[in-house]
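Hello,

I am passing on to you the structure we spoke about, and I would be glad if you could look through it slowly before reading my notes.

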Amino acid sequence: MKKILYFDDTFDEFKDILLTHTPTGFDLIFWEELTEQEREEQLPKADYLLVATKKIGEEILSKAKKAKFIQKTGVGMDNIDLPAAVHHKLPACNTPGANSTGVAELTILLILALYRKLPLINKETKNGNWLMWELRPSSYEMEGKTHGFIGFGNIGREAAKRSKAFGTNIIYYDKFRTTSEQEQQLEAKYLPMEEVLQKSDIISLHIPLLPETKGLIGETELNLMKDNAVLINVSRGGIVQEGALYDALVEHRIAGAALDVWENEPINPENPLLTLENLIASPHIGAGTRDTLNRVLHTAFQNIKRVDEGELPQFVMNNVKKARFDESTVI
Ligand code: NAD
């Protein structure tokens, strides 16, 4: 039996899903259920490392002597020390596109929830307050609004497709301009980031957390936004400076924000953003559906199976020139 070491926390129902997807001939071992001593024993024997959001650094990588590669169940690789993985000749792979639908749908959900003040309406209606008219002057529709995207990769474009169906005009900034075919399909206009911030009624973020994107949205960027604009962050915490966002929301320099991802996760319950009526909070659930989970796990285990059958891994996100399992290979 080949051993796959799974690093994240689980619970019974979730474990069942993981085990259902595990191909025959593989033994899935749950890191979180092992004692310290068992971890020391199992790590050098693991054939594959499987991880969602747990931090994977030098300490683990240096001991995983037998592992052929690291498979992430998701897209953002910021929890894996990629240079350390390169040093150990370990390819680190993700599941591109497999979670795009979940995050794209959450993007639309958050925009509509902000525009129609759903959390407030739900709370007040259940409390017996019939706000049939009161919120109309400050509630909006997506139709006719300009939706600006920062990051126009798999998730950004899937969210744009859905936003366009609601009648928005799509503008975007990405480090790399997308194809003219995709631009035409989405009627998307490529603009510098400053212009996207200035012109949008809705801004959503779909970029990875990298040294260059850390703190990208701060006071200056928030001040470029319209005072009736809403900001959606479903990418990574740390891209938006939370202190600057708090000030902008309190001073009504922007109308609202929805954060699925946070500088510190789980969020500190004392985080002042949680006190604001014009902020919607969710606990990193962009990819949090059964449907997305099935797709992501399918892709992840297929990749493991493929390598086990002697092929190269797909979706390698670190520049491993010579994988440890095949010295002649350039990935
Ligand atoms: P992707 O690689 O398909 O797209 C990312 C895009 O960002 C690319 O087009 C890239 O060119 C662009 N980009 C990179 N650096 C940039 C920069 N400095 N400035 C502007 N653009 C830049 O990835 P994706 O599948 O669209 O995912 C995007 C991000 O969403 C992931 O990196 C991840 O952090 C986040 N994510 C969040 C959740 C969630 O649960 N909330 C789930 C999945 C992914």
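**Around Gly151**

In this predicted model, Gly151 is found in the loop that runs between β6 (146–150) and α7 (154–165). Is Gly151 buried or exposed? With a relative accessible area of 1%, Gly151 is buried, because buried is taken to mean under 20%. If we leave aside the neighbours within four places in sequence, the residues in contact with Gly151 are Gly156, Tyr173, Asp174, His206 and Ile207.

**Aromatic rings**

The whole structure, when searched, gives 10 aromatic pairs, and a pair of this kind is described by the distance of the ring centres and the angle of the planes. One of them is formed by Phe26 and Tyr48, whose rings are tilted, with 6.1 Å from centre to centre and 55° between the planes. Since Phe26 belongs to strand β2 and Tyr48 to strand β3 (residues 48–51), this pair ties together parts that lie 22 residues apart in sequence. Both of these residues, Phe26 and Tyr48, are buried.

Phe149 and Phe152 make another pair, this one edge-to-face, with the centres 5.6 Å apart and an angle of 70° between the planes. Phe149 and Phe152 are each buried, and they belong to one aromatic cluster together with Tyr172, Tyr173 and Tyr190. A ring can also face a charge: the charged end of Arg136 sits over the ring of Trp133, at 3.8 Å from its centre.

**Helix α1**

In helix α1 (residues 12–21), the residues Phe14, Lys15, Ile17 and Leu18 are buried. Why do they lie on the same side of α1? They cover an arc of only 160° around the axis, and this places them on the same side of the helix. The buried residues of α1 pack against β1 (2–6), β2 (26–30) and α12 (290–308), whereas the face turned away from the buried side carries the exposed residues Asp12, Glu13 and Thr20.

**A pocket**

Finally, the second largest pocket has a volume of about 390 Å³. Its lining consists of 17 residues, and those nearest its centre are Leu114, Lys117, Ala255, Glu277 and Asn278. At least two residues of this lining come from each of α5 (100–115), α6 (118–126) and β12 (279–281).

Notes. Residues are numbered from 1 along each chain as its sequence is written. This is a predicted model: local features need pLDDT of at least 70, side-chain atom pairs count only at pLDDT 80 or more; totals for chains, interfaces and linings use all residues. Side-chain values use heavy atoms; hydrogens and water are left out. Buried means under 20% relative accessible area, exposed over 50%, partly exposed in between (1.4 Å probe, protein chains only). Helices (H or I, at least four residues) and strands (E, at least two) are DSSP runs, numbered from the N terminus. The arc is that of the directions from the helix axis to the C-beta atoms. Contact means heavy atoms within 4.5 Å. Rings of Phe, Tyr and Trp (its six-membered ring) pair if their centres lie within 6.5 Å; planes under 30 degrees apart count as stacked, over 60 as edge-to-face and the rest as tilted. A charge sits over a ring if NZ of Lys or CZ of Arg is within 6 Å of the ring centre and within 35 degrees of the ring normal. On a 1 Å grid over the protein atoms alone, a cavity is a set of points where a 1.4 Å probe fits but cannot get out, and a pocket is an open set with protein on both sides within 12 Å along at least five of seven lines; lining residues have an atom within 4 Å of a point. Grid points are joined across faces, edges and corners, and a volume is the space filled by probe spheres set on the points.
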